[in-house]
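Visitor: I have a structure open and would like to walk through it. Can you put it up here?

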Amino acid sequence: MTMSTSPIIIVPARLASVRFPKKLLADAGGKPLIIRTAERIRSQAPEFDLFFAVDGVELKKVLELAGYNTVLTSPDLPSGTDRIAKANQELQKEFVINVQADEPLVTRDQILSLARAISKPRVSISTLASVFQTESDFLDSNQVKVVLDNEGNALYFSRSPIPFSRAKESKWGNEKTARGYKHMGLYAYNREFLEFFLDSKESTLERIEKLEQLRALQNGYKIGVEIVEGTSLGIDVPADLEKIKFE
């Protein structure tokens, strides 16, 4: 991947949140959460151009005052992917990395893994996964599973525990039992897929599982998956902020 086609990072930033109103402006160790995420991205991956696709002037002002680039998008867009796709219509970049605005602990390894995977042949999207550490997590429907083909591309994502072992003797922890992987909600996209996404509708599998990435698979797009150490930590409720010690 040459410098001219190196990915940029676009962070979709929406102020509305049902479980945590104005989450991105919440105090995170003396700074708004969105600024903590911005500072983290810039420190971990300074070689990538960074933009925030925001849904209104309130976030735009906070970010620009701190020196970050923004693209104003409609507050009515249904998803973060739509927001990124709209922003990229203005920016016209070939590859885009999506970092979530509420994940202030994103790592350099995660960002570089996304960039590496999106450059693979025939891959239109890349994402990350990690090894499940406990059976309870594997069985938890809130934790998304992904199974891969022999080239490291996604075969399917599900809230159900996949692959399901029919063998009665197979127990969690048995090294011969395939566990599947825990999907992490960070992505990279090529421009062609983002344009498709804006014009597409929710697929049947996406509607059943409530997993947006199934729209891509059902329409024949390949999703490259990189297996990484650890996991990501998103801020969903105010109590999550108390788990992080900001410097």
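Visitor: Which residues lie nearest the centre of the largest pocket?

Guide: Gln100, Asp102, Glu103, Gly185 and Asp236 lie nearest its centre. The lining of the largest pocket has 46 residues in total. Keep in mind that this is a predicted model.

Visitor: What volume does the largest pocket have?

Guide: About 1,700 Å³.

Visitor: Which elements give two or more residues to its lining?

Guide: Strand S1 (8-13), helix H3 (80-91) and strand S10 do. S10 has the largest share of that lining, with six residues.

Visitor: And how does the lining of the largest pocket split by class?

Guide: It has 16 nonpolar, 14 polar and 16 charged residues.

Visitor: Back to S10. Is that strand mostly covered or mostly uncovered?

Guide: Mostly covered. S10 takes in residues 181-190, and seven of its 10 residues are buried.

Visitor: Which way does S6 pair with S10, parallel or antiparallel?

Guide: Antiparallel. Strand S6, residues 95-98, pairs with S10 over four bridges. Within that pairing, isoleucine 97 stands opposite alanine 188 of S10.

Visitor: How many bridges are there between S7 and S10?

Guide: Seven, and that pair is antiparallel too, with S7 covering residues 123-131. One place to look is valine 131, whose bridge partner in S10 is tyrosine 181.

Visitor: What about S8 and S10?

Guide: Strand S8, residues 145-148, pairs with S10 in the antiparallel sense over two bridges. Lysine 145 has lysine 182 as its bridge partner in S10. Lysine 145 also has a bridge partner in S9, namely serine 158.

Visitor: How do S8 and S9 run, then?

Guide: Antiparallel, joined by four bridges, with S9 at residues 154-158. The two strands form a hairpin with five residues between them. In the turn, glycine 152 has a positive phi of about 85 degrees.

Visitor: New topic. Which residues touch the most other members in the largest nonpolar core?

Guide: Ile9, Val11, Ile34, Phe52, Ile97, Val99 and Ile111, out of 39 residues in that core. Several elements each supply at least two residues of this core, among them S1, S4 (50-54), S6, S7 and S10. Helix H1 (33-44) gives the most, five residues.

Visitor: What does isoleucine 9 touch?

Guide: Leaving out residues up to four places away in sequence, isoleucine 9 touches Ile41, Phe48, Asp49, Leu50, Phe51, Ile97, Val99 and Ile111. Ile97, in that list, is also the residue that stands opposite alanine 188.

Visitor: What lies apart from that core?

Guide: Another core, of 29 residues, including Ile84, Ala85, Val144 and Tyr189.

Visitor: How many cavities of 30 Å³ or more does a search of the whole structure find?

Guide: One. The largest cavity holds about 60 Å³ of space.

Visitor: Which residues line it?

Guide: Thr81, Ile125, Tyr187, Tyr189, Phe193, Phe197, Glu212, Gln213 and Ala216 line the largest cavity. S10, helix H6 (191-199) and helix H8 (213-218) are the elements that give two or more residues to this lining.

Visitor: And by class?

Guide: The lining of the largest cavity divides into six nonpolar residues, two polar and one charged.

Definitions and conventions:
Residues are numbered from 1 along each chain as its sequence is written. This is a predicted model: local features need pLDDT of at least 70, side-chain atom pairs count only at pLDDT 80 or more; totals for chains, interfaces and linings use all residues. Side-chain values use heavy atoms; hydrogens and water are left out. Buried means under 20% relative accessible area, exposed over 50%, partly exposed in between (1.4 Å probe, protein chains only). Two strands pair if DSSP finds at least two bridges between them. On a 1 Å grid over the protein atoms alone, a cavity is a set of points where a 1.4 Å probe fits but cannot get out, and a pocket is an open set with protein on both sides within 12 Å along at least five of seven lines; lining residues have an atom within 4 Å of a point. Grid points are joined across faces, edges and corners, and a volume is the space filled by probe spheres set on the points. Ala, Val, Leu, Ile, Met, Phe, Trp, Tyr, Cys and Pro count as nonpolar, Asp, Glu, Lys and Arg as charged, and the others, Gly among them, as polar. A nonpolar core is a set of buried Ala, Val, Leu, Ile, Met, Phe, Trp, Tyr and Cys residues joined through side-chain atoms within 4.5 Å. Contact means heavy atoms within 4.5 Å.
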